[in-house]
Amino acid sequence: MIGFHGCDESVRNELVNNPNKIKKSQEKFDWLGNGFYVWENNFERALKWAEDKLERGTVANPSVVGVIYQLDYCLDFTDSQFIGVLCDYYELLKTDLEFTGKKLPQNKDVKRDAHQDLVLRELDCAVIEYLHQKIEDAIKRDEEEKGFSEIRRFDTARGIFTEGGPAYEGAGIQTKNHIQICIRNLNCIKGFFIPRETAKFP
């Protein structure tokens, strides 16, 4: 599959020249949990993300690197069964936190977001990371008891996101709709490339 990662030009060049040096995002508000993020087949959205970071002063030269990857075993939230699984883990996390007297984190807006898209996804990230940790715990128990485990770790996570406000008055389509991939198993990344410029729509 082909994806695009918005970043500073220096990061793009480093990934192309040293493809084994990949940094995962480990923010508490990552939309699909911790990992390396790509926009699925969406160069323009990746570039816009990098340009937005320029405005916030966290990128000097907005750029995009192309990513060749495979999903392998994917926690795919375009598939209803995985949404159901996530809901189950939400309930487990909620129970665990209540037992210890702690509160669930919440997804939050940022003041500069006119459309209030809850871009700080602390709750979603916490639930997804909790799911992954419970899987790791179960694998470890199996290996200690049996010497092996048939439980599989998720290699990637995938989700459809709608944000940015209506594309036009009354629209159901929003300006920043996209599919995002979070790559946890970096072996799913097969290479990086500098995208060529393509013709624009008239």
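The backbone nitrogen of Ala60 lies 2.8 Å from a polar atom of the Asp8 side chain. That is a handy place to start looking around in this predicted model. Asp8 itself sits in strand β1, which covers residues 2-8. Its side chain also makes a polar contact of 2.7 Å with the side chain of Ser10.

If you leave aside residues up to four places away in sequence, Asp8 touches Val59, Ala60, Asn61 and Ser63.

## A buried charge without a salt bridge

Is Asp8 buried or exposed? Asp8 is buried, yet no salt bridge is found for this residue. The nearest side chain of opposite charge belongs to Arg12, 8.8 Å away.

Now let's move to strand β7, residues 156-161. This strand is mostly covered, with 5 of its 6 residues buried.

Which strands pair with β7? Strand β4 (residues 74-76) runs parallel to β7, and 3 bridges join them. Within that pairing, Asp76 has Arg158 of β7 as its bridge partner. Strand β8 (residues 178-183) runs antiparallel to β7, and the two are joined by 6 bridges. Here you can find Phe161 bridged to His178 of β8.

Technical notes:
Residues numbered from 1 in each chain as written. Predicted model: local features only at pLDDT ≥ 70, side-chain atom pairs only at ≥ 80, totals over all residues. Heavy atoms only, no water. Buried < 20%, exposed > 50% of the residue type's maximum accessible area, 1.4 Å probe, protein only. Helix = DSSP H or I, 4+ residues; strand = E, 2+ residues; numbered from the N terminus. Pairing = 2+ DSSP bridges. Lys, Arg positive; Asp, Glu negative; His and termini not counted. Salt bridge = Lys/Arg side-chain N within 4 Å of Asp/Glu carboxyl O. Polar contact = N/O pair within 3.5 Å; in protein donor to acceptor, adjacent residues only side chain to side chain. Contact = heavy atoms within 4.5 Å.
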